[in-house]
Amino acid sequence: MDDHAFRTEGLVKRFGRTTALAGVDLHARHGTVLGVLGPNGAGKTTAIRVLATLTGFDAGTARVGGLDVVRDADRVRRLIGLTGQYATLDEELTGLGNLVLIGRLLDLRKPDAVRRAKELLDRFGLEDAARRPVATYSGGMRRRLDLAASLVGRPRVVFLDEPSVGLDPGRREDLWRVVRELTADGASVLLTTQYLEEADALADSIAVIDHGRVIAHGTPSELKRIVGGQAIAARPRDPHRLGDAARILTAVSGHGAERTSTHELVVPVDDDRSLFEVARRFEEQGIALAEFSLRLPGLDEVFLALTGGDNGASDRGAPTDTATARSRA
Amino acid sequence: MTPATPTATPAPATADAAAPRRPARLLRHSLVLTGRSLAKSARNPGAMLNGVLTPALFLVLFTFLFGGSVAGSTDAYLLYLFPGIAVMGAGLSGMLSSGLAINIDMKKGVFDRFRSLPIGRSAPLLGSILADVVRYAVAVALLFGIGYLMGFRVQTDAASALGAVALMLGFGFCLSWVTVFLGVLVRDENAVMGFAFIAFIPLMLGTSLAAPVDTLPGWLQAWAGVNPATHAMDAARALLTGTPADGSIIRTLVWSAALLAVFCPLAVAAYARRR
């Protein structure tokens with residue numbers, strides 16, 4: 001039997017002339033988290049929909065728990081829980097009503113379904129809103145209820161499609177805790193995100209996906225080594241000093257500084273000691289700073305690093321150094 | 001299933017052992033979804049009352065406006081009119097609610113939720129339609145109450161009256177698969193609504209509802225003669241007031257079966273394919 005929690009090989013999905021997935025290989029071992037990182041339209045949601053038996057595909061294979069998602073769709077549905085990008089809830093029912101309904105559809109007896117629903121409402125801090133229609137919930141409450149809904153059947157494989165979108169920072173921490181609890185219980189998770197920070201915090205391995213292809217795959221530390229791990233962001237108080245600041249950043253890091261907004265510069269660095277060197281040189285040259293920070297690269301910088309730097313995130317062509325990224329992964 | 005991992009993991013709540021035979025599961029899941037639909041009706045009874053108000057309005061208007069001139073007295077006319085109105089109540093509720101509810105569900109995420117659960121593909125459809133049958137029953141019961149207050153009395157026996165109610169509900173059930181099919185096929189809920197509204201007039205009024213078919217102009221007679229709602233109304237009239245059935249019961253049953261046989265598979269296929 002397949003020892004992967006889920007696995008796709010050469011997955012191809014076309015919508016008319018658009019190719020959403022152009023041969024995607026994704027896999028995760030039992031009890032691990034695969035982070036799928038990519039911009040909007042990269043194919044993340046399509047990949048999840050295929051694995052969750054919601055959509056068909058044109059070529060390749062997709063298996064969950066060793067079961068084919070097409071031939072054994074019904075058995076696959078017993079193993080999975082899905083939290084989509086759009087809350088998959090019945091607005092007119094209460095929070096409790098939604099969860100009980102799902103429990104009943106999962107063949108739980110009524111009292112068991114109610115008990116399970118209450119347990120999950122407590123766990124997601126929704127006990128006070130349990131008897132209110134979902135239509136009255138805030139965006140963050142819906143996301144939490146949606147996540148709870150996907151866990152009613154104690155799924156072995158959980159698909160989370162950009163679960164942190166619309167969550168307050170504090171609630172995002174809660175979400176991360178839930179994901180960690182899931183894997184601690186032995187479940188496996190596929191999590192899509194646009195934030196390297198999130199993938200780094202949760203995933204055992206990360207697949208970077210763009211234009212329907214996996215352009216890099218590896219552990220977070222392998223990936224961070226490729227993309228330069230951290231980045232320094234600096235915003236000189238005087239916009240006229242941007243040129244001087246860029247020269248310093250380039251000299252210290254050995255990478256070209258990228259302007260991410262009108263007055264901000266970002267450059268990938270290999271280790272955090274660069275920060276002190278940059279700070280020293282800024283002081284030497286008397287460049288006053290409005291903002292100065294060390295952070296994990298954003299999606300744009302990840303793509304910049306993975307695609308060779310000659311095509312920005314706004315216009316990503318075929319990756320040039322995919323082979324490098326793959327071989328190091 | 002998943003191979004055992006060294007850490008003790010709780011058994012999935014939905015293990016294969018808990019999966020009884022398919023038809024029984026389909027029915028149970030459908031009934032759970034019926035409960036969902038009815039719970040929503042209980043919260044928002046306005047939508048359901050539509051299926052009662054329109055026929056009730058026709059009943060009152062026609063009886064008191066035309067009753068005297070058409071049948072000589074309002075009491076005599078009520079006897080003629082009421083069975084058709086009851087059929088309208090059952091049919092109209094079906095046309096308006098089923099297709100619309102499904103159309104709205106499918107556009108919302110809840111549709112994906114259902115499809116990612118290990119339930120039969122047709123369970124959400126069947127559940128919604130079974131809930132409708134309950135709603136028709138409520139509509140028909142309310143109409144009988146209004147008819148009773150206006151002076152309508154069943155002229156036959158209890159068995160025939162029950163037969164009439166069963167026939168109306170069966171007809172409404174089969175008819176609603178047409179709007180269910182449309183509701184699944186068409187993206188825009190207003191289009192579904194519009195179709196139901198436009199179809200309502202020829203289907204329910206181009207019949208023997210207000211006057212016998214042979215009093216209608218030729219072109220309308222031709223339509224009313226093939227219209228399944230005419231047969232259902234004639235059959236209900238025969239069962240409730242003892243007029244001659246003239247094969248209308250059989251024709252209603254055949255029409256109902258035909259509608260079901262054509263539109264149920266179409267709707268289920270379209271539903272399963274939508275993604």
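Me: What stands opposite Gly35(A) in β9(A)?
Reply: In this predicted model, Gly35(A) faces Ile206(A) of β9(A).

Me: In which sense do β3 and β9 of chain A pair, and over how many bridges?
Reply: Parallel, over four bridges. Strand β3 of chain A covers residues 33-37, and β9 of chain A covers residues 205-210.

Me: And what holds paired strands in a sheet, in general?
Reply: Strands of a sheet pair through backbone hydrogen bonds, in a parallel or an antiparallel sense.

Me: What is the strand order in the open sheet of chain A?
Reply: There are six strands, in the order β6-β7-β8-β3-β9-β10, and the pairing is mixed. The edges are β6 (80-83) and β10 (213-218) of chain A, each of which pairs on one side only. From one strand to the next, the twist averages 15°.

Me: Which strands does α1 of chain A lie across?
Reply: Helix α1 (residues 44-51) of chain A lies across β3, β7 (157-161), β8 (188-193) and β9 of chain A. Its direction is at about 150° to β7(A).

Me: And α6 of chain A, which strands does that touch?
Reply: Helix α6 (residues 169-184) of chain A packs on the sheet and touches β3, β7 and β8 of chain A. The angle between α6 and β8(A) is about 155°.

Me: Something else. Where does Glu162(A) lie?
Reply: In the loop between β7 and α6 of chain A.

Me: Buried or exposed, Glu162(A)?
Reply: Glu162(A) counts as buried because it has 21 C-beta neighbours inside 10 Å, and the cut-off for buried is 20 or more.

Me: What about phi of Asp246(B)?
Reply: Positive as well, about 50°, in a residue that is not a glycine. Asp246(B) sits in the loop between α9 (228-241) and α10 (248-273) of chain B. Asp246(B) is exposed, since 12 other C-beta atoms lie within 10 Å.

Me: Now helices. At what angle do α3 of chain A and α1 of chain B pack?
Reply: Helix α3 (residues 95-105) of chain A and helix α1 (residues 22-43) of chain B pack at about 165°, with axes 9 Å apart. Therefore α3(A) is roughly antiparallel to α1(B). The crossing is right-handed.

Me: Which residues meet there, α3(A) with α1(B)?
Reply: From α3(A), Gly97(A), Leu101(A), Arg104(A) and Leu105(A); from α1(B), His29(B), Val32(B), Arg36(B) and Ala39(B).

Me: How many of them are nonpolar, polar and charged?
Reply: The contact of α3(A) with α1(B) has four nonpolar, two polar and two charged residues.

Notes: Residues numbered from 1 in each chain as written. Chains lettered and ligands numbered in written order. Predicted model: local features only at pLDDT ≥ 70, side-chain atom pairs only at ≥ 80, totals over all residues. Pairing = 2+ DSSP bridges. Helix = DSSP H or I, 4+ residues; strand = E, 2+ residues; numbered from the N terminus. Axes fitted to C-alpha atoms, helices over the stretch in contact; angles between N-to-C directions. Contact = placed C-beta atoms within 7 Å. Parallel < 35°, antiparallel > 145°, perpendicular 65-115°, else oblique. Left-handed = near helix turned anticlockwise from the far one by under 90°. Nonpolar A, V, L, I, M, F, W, Y, C, P; charged D, E, K, R; others polar.
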